[in-house]
Amino acid sequence: VGMHELQLLCLAMTATASRNATARSSADKLWHASRVRAGGVGCGHGIALVHVGKAGGSSVSKNLRRSCHAWWAERYNNGVCPAAAREMANESEISKRVLAYWHVHPVPVERYAEFIVMVRNPIERIISIFLATRPPASILKQSRSQASTLNRSGLSELLGSRKPKGPPRNALLAFQRAFYSCFQTTNEFAEGSTSNPAMSTHPNPNCAELGWRTLRGEIQLGHTHFYFNFGFYARPILAFPTVGIGNCTAKKIYVIRTEAIWQDWQQINAMLGGGRAPVPSTHERDGQQSFRHEYNRTVSERGLVNLCAGLAAEREVYTELIQQAANLGPREKQLELIALAAMCRGTTSYLIENLY
């Protein structure tokens with residue numbers, strides 16, 4: 001596939017996302033406008049940093065004054081983030097302006113005027129989650145023999161909302177034992193996860209469905225980053241109109257890309273009036289180099305087609321975030337979407353026709 005074809009596909013992705021956003025925007029605008037008039041929604045103020053898992057948010061959070069989980073502070077500490085009292089040398093404008101750090105919890109969108117969202121190519125992100133969530137070798141060895149025995153009853157329990165008794169760790173282990181008994185490598189996960197078990201390379205159709213549902217973020221058990229995906233965090237943000245309502249201005253979105261963390265950090269900091277912030281000393285790449293080696297080595301073309309199909313909705317949310325990013329220029333946005341189009345070139349028709 002040549003660059004011209006990829007550019008056409010990129011334009012088609014952009015047009016599809018724009019049509020869906022426009023269709024939602026008209027209805028959302030009326031709904032939000034009615035709530036503003038009724039006094040049910042404030043304009044919001046300040047910035048919320050939204051940490052989508054496995055996109056570099058942990059590195060960024062170390063450079064925020066309010067770096068504790070906002071939901072934890074509200075539930076257990078009267079809304080106070082203990083870290084906010086610490087001294088920070090050469091504090092960035094971002095740190096001064098971010099009022100809350102949201103992770104593994106729904107974002108109360110109406111409270112804030114602006115959002116910084118951590119983003120990463122959805123295909124790369126899902127494989128990073130697979131590698132990061134994988135349990136110790138001892139558990140993998142015990143679980144492998146269970147793959148052929150995952151039946152419909154066991155699958156139904158995994159798909160249900162009922163949690164195992166005991167601490168949250170029990171739920172995570174229950175998910176890990178079932179999921180990684182079916183898939184022990186990224187390629188097994190990619191090739192075996194399909195909406196049609198007959199097309200899966202996995203001999204157990206229940207494993208194929210478990211993989212597919214996990215890929216789509218439908219498995220809540222264990223509260224992994226498979227579940228806390230772009231759709232979970234960003235759909236409520238994107239649901240707000242792109243124009244102001246009444247006396248409220250439009251919500252503004254910035255993005256920090258995994259592969260350009262500190263470049264985007266500096267750009268956003270400058271846009272907020274803080275000048276060019278120094279690159280933090282706590283820079284971590286979240287295992288990016290080793291991850292890429294693993295990705296290139298293990299995922300086949302067939303597996304990539306499955307991942308792209310299963311992540312169709314995620315790719316659209318990602319596309320909308322890139323499109324609305326106030327800190328990215330037209331060329332940067334185009335390159336991000338071309339990269340995704342190149343990775344998913346085998347699923348062009350599915351992407352264009354079946355995003356929703």
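1. Let's start with a charge and a ring: Arg125 sits over the face of Phe230, 5.5 Å from the ring centre. Such a placement is counted if NZ of Lys or CZ of Arg is within 6 Å of the ring centre and within 35 degrees of the ring normal. Please keep in mind that this is a predicted model, where local features need pLDDT of at least 70 and side-chain atom pairs count only at pLDDT 80 or more, while totals for chains, interfaces and linings use all residues. Residues are numbered from 1 along each chain as its sequence is written, and side-chain values use heavy atoms, with hydrogens and water left out.

2. Not counting residues up to four places away in sequence, Leu321 touches Val117, Val119, Phe230, Ala234, Leu238, Ile253 and Val255.

3. Which residues touch the most other members of the largest nonpolar core? They are Ile123 and Leu321, in a core of 63 residues. Another core, of 17 residues, lies apart from it and includes Ile47, Ile94, Tyr254 and Leu272. A nonpolar core here is a set of buried Ala, Val, Leu, Ile, Met, Phe, Trp, Tyr and Cys residues joined through side-chain atoms within 4.5 Å; buried means under 20% relative accessible area, exposed over 50%, and partly exposed in between, with a 1.4 Å probe and protein chains only.

4. You will find 19 aromatic pairs in the structure. Rings of Phe, Tyr and Trp (its six-membered ring) pair if their centres lie within 6.5 Å, with planes under 30 degrees apart called stacked, over 60 edge-to-face and the rest tilted. Tyr112 and Phe115 form an edge-to-face pair because their planes stand at 80 degrees, with the ring centres 6.2 Å apart. Tyr112 is buried at 5% relative accessibility, and Phe115 is buried at 0%. Elsewhere, ring pairs join Phe130, Phe175, Phe179, Tyr180, Phe183, Phe189 and Phe226 into a cluster.

5. Ser61 belongs to helix H2 (residues 57-61) and is buried, at 9% relative accessibility. Beyond its neighbours within four places in sequence, Ser61 contacts Ser67, Arg86 and Tyr101.

6. A word on confidence: pLDDT, the predictor's confidence in each residue from 0 to 100, averages 78 over the protein, and 71% of the residues score at least 70. Over residues 283-296 pLDDT stays under 50, and the model has 23 contacts there beyond four places in sequence. Residues 347-356 are also below 50, with 26 contacts beyond near neighbours in sequence. Where pLDDT is low, the predicted coordinates should not be read in detail.

Conventions. Contact means heavy atoms within 4.5 Å. Helices (H or I, at least four residues) and strands (E, at least two) are DSSP runs, numbered from the N terminus.
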